[in-house]
Amino acid sequence: MSNKQAFNPERRQTLRGLATAPAVAAAVAVTSGSAAAAPAQPASASERTKGYQVTPHVQAYYRTAAL
């Protein structure tokens, strides 16, 4: 019995295409995402947080962690 198959160049091209698809997808994601990746700026100074703030969540933690 012989296990040899006929050489099929289309199969090799398909394998090359499958191997390069992730690299192409990554390149597209990087180039298209760079324009949309600009961080959103707060509308006014009052919307920005400044340092540590005691919120109800923090107060609840302090109550449960009290010795």
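**Reading the tyrosines of a predicted model**

Me: At 51% relative accessibility, does Tyr61 count as buried or exposed?

Reply: Buried means under 20% relative accessible area, exposed over 50%, and partly exposed in between (1.4 Å probe, protein chains only). Tyr61, at 51%, therefore counts as exposed, and Tyr52, with a relative accessible area of 56%, is exposed too, whereas Tyr62 at 45% and Val54 at 49% are partly exposed. Of the 67 residues of the protein, 1% count as buried. The model is predicted, so local features need pLDDT of at least 70 and side-chain atom pairs count only at pLDDT 80 or more, while totals for chains, interfaces and linings use all residues. Residues are numbered from 1 along each chain as its sequence is written, and side-chain values use heavy atoms, with hydrogens and water left out.

Me: Which residues form a nonpolar patch on the surface?

Reply: A nonpolar patch joins side chains of Val, Leu, Ile, Met, Phe, Trp or Tyr within 5 Å, each residue having over 30% relative accessible area and no salt bridge (a side-chain nitrogen of Lys or Arg within 4 Å of a carboxyl oxygen of Asp or Glu). Here Tyr52, Val54, Tyr61 and Tyr62 make up the patch, which together has about 480 Å² of accessible area (Shrake-Rupley method, 1.4 Å probe). The accessible surface of the protein comes to about 6,600 Å², and 60% of that belongs to carbon and sulfur atoms.

Me: Where is the place of Val54?

Reply: Helices are DSSP runs of H or I with at least four residues, and strands are runs of E with at least two. The protein has two helices and zero strands; Val54 sits in the loop between helix H1 (9–36) and helix H2 (56–65), and Tyr52 lies in the loop between H1 and H2 as well.

Me: How many aromatic pairs does the structure hold?

Reply: Rings of Phe, Tyr and Trp (its six-membered ring) pair if their centres lie within 6.5 Å, and planes under 30 degrees apart count as stacked, over 60 as edge-to-face and the rest as tilted. The structure holds one such pair: the ring centres of Tyr61 and Tyr62 are 6.1 Å apart with their planes at 55°, so the pair is tilted.

Technical notes: Patch = residues over 30% accessible without salt bridge, like charges linked within 9 Å, V, L, I, M, F, W, Y side chains within 5 Å.
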